[in-house]
Amino acid sequence: MLKIVVALLPAAVWGALAALWTPRGPLTATQALSSIVISAGAGFGAGRLLRSRWPILTTPLVYVVSLELTRLPVTGPSVDLPHASLFGVLALITGRGVHALLTVAPMALAAAYGCGLRRRRGRILGRVAILALLLLAVGVALPARTAAIPGGIAELTRVEVNGHRLGLMIRGRDLNRPVLLFVPGAPGGSEAVAMRAHLPALESHFVVATLDRRGGGASYPALDPTSTVSPQDEVADILAVTDHLRTRFARDRIVLLAHSGGSLLGALAVRQHPEKYSAYVGTGQGVDVEASDQLFYDDILAWATSTGDSGTVRTLQRQGRPPYRDFWSYEPFLLHEIEVYGQRSAPLEIAGPELTLLQKVHTLTAMMDTWSALYPREQDLDLRRDVPELAVPAYFVQGEREMRGLAVLFDQWYAALRAPAKRLVVIPGAGHRVMFEEPDRFVTALSTLLAGVSA
């Protein structure tokens, strides 16, 4: 009995330590490679000591139980109990599934080798498994990168901000151009690939810094503790990154460009510290989260009723009107808003080298976890009340086909907003992601609006 305890104790200890170190699973190359090695060591040791097949099953089981019990205080779709829905399945695969691939799989494989099973059977299968594990290790070890710009700047970096490390992509052809900070929209989303792929022309006019907000892309590890993920914390992050850019590029002021959910926070940041900014530009501008979601609810329910989608009708009627307390209740919005509002299909753009393999795999997980932490805390935001005026020029580039849930409230806020200069450009045919749907027209509009901004 003592021998069994000694053999399985490393797996139990490692499970608890992994829960504290990587509560949502390995998210970086260092975490992933270390997890593979430590898990393999625990499995091999157990197999070697017990010399039976039982460690192949019991070692991973002990690890998983210890891990799950230790991380019970951590919340979010990737670590909560599995949810019976499309997004629930995706969360299970990209959350626990990826975690198991990097810890449980090498632990079981090493336990099999440790107990000597390789000498009796399964040699070919074992070798294939080892090769697959090595290829996985190589894949997660490959760093993110962005294409060089001769004579300019092109880098992926991290900035120490309020106790967290946030990812930042900086690209520009001329360091003497004005600095522009882009704040992306969806909680937990990353637009690094999209910015580089669709808006290279912007790099001729500005030094473009694209932020991965806390919880998204390279900043996914900064999500925890989720108690620090609030609108106030996100605004503080934007201001801190702004100061970093002002210091690094010796600028008194920079331009702030913000999209969708990020535009709520961007407008608040400029409202609080206008002395840091030469202009504010909103696109896909958000105004009031709760009021927008209620418009979305009405429109999606009307669409589902008219098209005979009885499943969506029943789901929405059962839930009632927003706001909701969990991520899952917003699934009908995420699944149907594109077709309801006739938006262009907007697949997640993760194929570029700006994201590591783990960042690509965790794209949806990061969005779901960050949404779960941040979105309920944004329900009281209303720019009509909180930002009645801006002390810097305020410009907006909107799509003609912007979703009604955003457009109605934006029109109200824009009409009343006071600013030294204020201008709206509407791009025909474009929707919510106008900057990526019509990049050439977006760059033309932006460069025209900001023509007078000094470097």
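Predicted model: local features only at pLDDT ≥ 70, side-chain atom pairs only at ≥ 80, totals over all residues.
Four bridges join E3 to E4 in parallel. Within this pairing, Val179 has Val207 of E4 as its bridge partner. Four bridges also join E3 to E5, again in parallel. Here Leu181 stands opposite Leu256 in E5. E3, H7 and E4 together make a β-α-β unit, and this unit is right-handed.

Burial is the next feature of E3. Five of the five residues of E3 are buried, so the strand is largely enclosed by the rest of the structure. In a regular strand the side chains alternate between the two faces of the sheet. In E3, Val179, Leu181 and Val183 point one way. Leu180 and Phe182 point the other way. All of these residues are buried.

Seven of the seven residues of E6 are buried, so E6 is largely enclosed by the rest of the structure. Strand E5 (residues 254-259) pairs with E6 in the parallel sense, over six bridges. Ile254 stands opposite Tyr277 in E6. Between E5 and E6 the chain passes through helix H9 (residues 261-272), and this β-α-β crossover is right-handed. E6 is also joined to strand E7 (residues 394-399) by three bridges, and E6 and E7 run parallel. In that pairing, Val281 stands opposite Tyr395 in E7. E7 in turn is joined to E8 by six bridges, and E7 and E8 run parallel. Gly399 has Ile427 of E8 as its bridge partner.

A further helix also lies across the sheet strands.

Two loop residues were examined individually. The relative accessibility of Glu191 is 11%, so Glu191 counts as buried. Apart from neighbours within four places in sequence, Glu191 is in contact with Phe182, Pro184, Thr210, Asp212, Arg433 and Phe436. Gly217 sits in the loop between strand E4 (207-211) and helix H8 (231-248). At 12% relative accessibility, Gly217 also counts as buried. With neighbours within four places in sequence set aside, the contacts of Gly217 are Gly188, Ser190, Asp212, Leu355 and Gln359. Gly217 and Val193 are 24 residues apart along the chain, and their C-alpha atoms are separated by 10 Å.

Helix packing was also examined. Two packed helices are described by the angle between their axes and the distance between the axes. Helix H1 (residues 2-21) and helix H2 (residues 29-50) pack at an angle of about 170°, with their axes 8 Å apart. Angles over 145 degrees count as roughly antiparallel, so H1 is roughly antiparallel to H2. The crossing of H1 and H2 is left-handed. On the H1 side, the contact is made by Lys3, Ile4, Val6, Ala7, Pro10, Ala11, Trp14 and Trp21. On the H2 side, the contributors include Thr30, Gln31, Ser34, Ser35, Ile38 and Ser39. Ala42, Ala46, Leu49 and Leu50 of H2 also take part.

In a second pair, the axes of helix H11 (residues 310-319) and helix H12 (residues 331-340) come within 11 Å. These axes cross at roughly 140°. That angle makes H11 oblique to H12. The crossing of H11 and H12 is left-handed. Thr312, Thr315, Leu316 and Gln319 in H11 meet Pro332, Phe333 and His336 in H12.

Notes. Residues numbered from 1 in each chain as written. Heavy atoms only, no water. Buried < 20%, exposed > 50% of the residue type's maximum accessible area, 1.4 Å probe, protein only. Pairing = 2+ DSSP bridges. Right-handed = clockwise from strand over helix to strand, strands pointing away. Contact = heavy atoms within 4.5 Å. Axes fitted to C-alpha atoms, helices over the stretch in contact; angles between N-to-C directions. Parallel < 35°, antiparallel > 145°, perpendicular 65-115°, else oblique. Left-handed = near helix turned anticlockwise from the far one by under 90°.
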